[in-house]
Amino acid sequence: MNQNIIKIFDTTLRDGEQSPGASMNTEEKIQIAAQLERLGVDIIEAGFAAASPGDFDAIDKIAQRVTCSTVCSLARATDADVKAAGEAIAKAKMKRIHTFIATSKIHMEHKLKMTPDEVIKRAVRAVSYAREFVEDVEFSCEDAGRSDMGFMKEITDAVIAAGATTINLPDTVGFRLPFEIGAMVKEMSAYVKGRAIISVHNHNDLGLGVANSLEAVINGARQIECTINGLGERAGNAALEEIVMALKTRSDVFSEYTTNINTKEIYPSSRLIANITGIEPQPNKAIVGKNAFAHESGIHQDGMLKNKSTYEIISPADIGLDLDDTLVLGKHSGRAAFKDKLGKLGFSLSEEELNTSFERFKILADRKKDVYDDDLRALVTSEMTMAPKIYELISLQLMDCSNGVPSAAVSIKKDGKEIIDAGIGEGTIDAIFKTIDRISGYEGQLLEYKVKSVSEGKDALANVTVKVSFNSEPAIIGHGLNIDTMLASARAYIGALNSYLSMAGKLKSRHCDSSKTI
Ligand code: KIV
Ligand code: ZN
């Protein structure tokens, strides 16, 4: 049977990055884009080029690297934004500009302070200008979920005439119920009648993002916008893994539709994003949560032993989760076993990356009896997404804290020279971070500190994530991985400092000033 391809438009790097605490450095974004390409997403929304020089730079680098997916940048409906988007994606093999303006009465009156006619003119201008850079232009009616249908038809006619090839209908505030999204998509699809692809972008404020997206498919949408692990503004976006697995698992209902997604890359994608952002999916999250394939009760376990289909509607292997792979690495494992394991986990490393990762693995295996898949994922991800090592931790000594004054002696290398200093603090972490500040001369304000154990056992690796604002500039995330939580904390802080310095001058206008929200 001829199946309709539902295009998967992933916006983890744009809307997902707007999740509180999810900002990423350029290396991290490049690794995520490479993984999204392996996953088979049709369009990667790599960022919002006009938001900051850092965003522009990341989109430009992703555009040069990705060849199998279309690379897209978001742009408000202004000349400056469209130009920035066009320039940022210029080197991509397949490229798209995604421009938007709000179409609901509430947004036009209160946010834009523009009349509907002015909004149409601005949209037409942005789309025509975008066509000067690319042939593939998406237009979004922001807050479509609360927009007047007659007005959406009017603006849609105008932007299609100006060259838009995809019309996106975002439920920006996650207000609509499935039957309402279905009706909106049905009416708009019938109206557009093949002149453009109809897309949806459903936020999850009522927990309905995925249900609304599936209803949209049934009613004519041929592109779904979504994010890995459902990241995104506020309650997030519809989760890619849930949409794709619902279409696949319920192929009896969705027999006419398919996607280009390689579902075996779902679990590796989810882990990569969780490791990078430090935002772990809730344990009971569908498809990728820690408990998604765990069977706790005796009755369920008994059923599973007799026949897996009693309690399992998806095989973990279908999402790339190998529960049966018992090969655990340890200190006697050689380079070949290490390389083989990484290959199975979906990593393809250059010779140099493999060598450094193997060295780090050996150090880890000396201290940790069993090295699990999750340890390896975290270790390799941290190696591949590290900002340039401007400052490098050499050693850390701590004086304890039970009765005395917590203090830290830190030795750091910069430009080949070792700098040593010691300092005190309110607690051990505070002492470490203050001493690093003294050595570097940059004053960091710690906004968030999270520690998570990567695998199980007393010798588990600690994955520390910090969010720091240096010299009162926009916050930067840093990660540190070690069996010792204090060492991991020092590495995370220095990682954030290195990211900050490597993005110097590219942070300033991050996420634009709110007076220009069109
Ligand atoms: O939620 C929204 O409306 C958006 C648009 C920019 C597509 O993210
Ligand atoms: Zn959105």
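Author: Gladly, and a definition comes first: two strands pair if DSSP finds at least two bridges between them. Helices (H or I, at least four residues) and strands (E, at least two) are DSSP runs, numbered from the N terminus. This is a predicted model, in which local features need pLDDT of at least 70, side-chain atom pairs count only at pLDDT 80 or more, and totals for chains, interfaces and linings use all residues. Residues are numbered from 1 along each chain as its sequence is written, chains are lettered from A and ligands numbered from 1 in the order in which they are written, and side-chain values use heavy atoms, leaving out hydrogens and water.

Reader: Over how many bridges do strand 5 and strand 6 pair?

Author: Look for strand 5 at residues 95-102 and strand 6 at residues 137-142. One link to find is F100, whose bridge partner in strand 6 is S140. The two strands run in the parallel sense, and the number of bridges is six.

Reader: Which residue in strand 5 does C72 stand opposite?

Author: Strand 5 also pairs with strand 4 (residues 70-76), in the parallel sense and over six bridges. Within this pairing, the residue opposite C72 is R96.

Reader: What handedness does the unit of strand 4, helix 3 and strand 5 have?

Author: A crossover is right-handed if, with the strands pointing away from the viewer, the path from the first strand over the helix to the second runs clockwise. Here helix 3 covers residues 79-88, and the β-α-β unit that it makes with strand 4 and strand 5 is right-handed.

Reader: How many residues of strand 5 are buried?

Author: Buried means under 20% relative accessible area, exposed over 50%, and partly exposed in between (1.4 Å probe, protein chains only). Strand 5 has eight residues and is mostly covered; its buried residues number seven.

Reader: Why is helix 9 largely enclosed by the rest of the structure?

Author: Helix 9 spans residues 240-249, and among its buried residues are L240, I243 and L247. These buried residues of helix 9 pack against several elements, including helix 1 (26-39) and helix 10 (266-277). Helix 9 is largely enclosed because its buried residues number seven of the 10.

Reader: What is the phi of K113 near?

Author: Most residues other than glycine have a negative phi. K113 lies in the loop between helix 4 (105-112) and helix 5 (116-131), and is exposed, with a relative accessible area of 66%. Its phi is positive, near 55 degrees.

Reader: And where does K193 lie?

Author: K193 is not a glycine either, yet has a positive phi of about 45 degrees. It is exposed, with a relative accessible area of 70%. Its place is the loop between helix 7 (178-192) and strand 8 (197-202).

Reader: How many salt bridges are there between domain 3 and domain 4?

Author: Domain bounds come from an automatic or database domain assignment, which puts domain 3 at 320-382 and domain 4 at 392-502. Between them they bury about 830 Å², 61% of it on carbon and sulfur atoms; buried area is the accessible area (1.4 Å probe) that two parts lose on being put together, summed over both. A salt bridge is a side-chain nitrogen of Lys or Arg within 4 Å of a carboxyl oxygen of Asp or Glu. Between domain 3 and domain 4, the count of these is zero.

Reader: Which residues does E27 touch?

Author: E27 lies in helix 1 and is partly exposed, with a relative accessible area of 25%. Contact means heavy atoms within 4.5 Å. Not counting residues up to four places away in sequence, E27 touches M384, T385, M386, A387 and P388.
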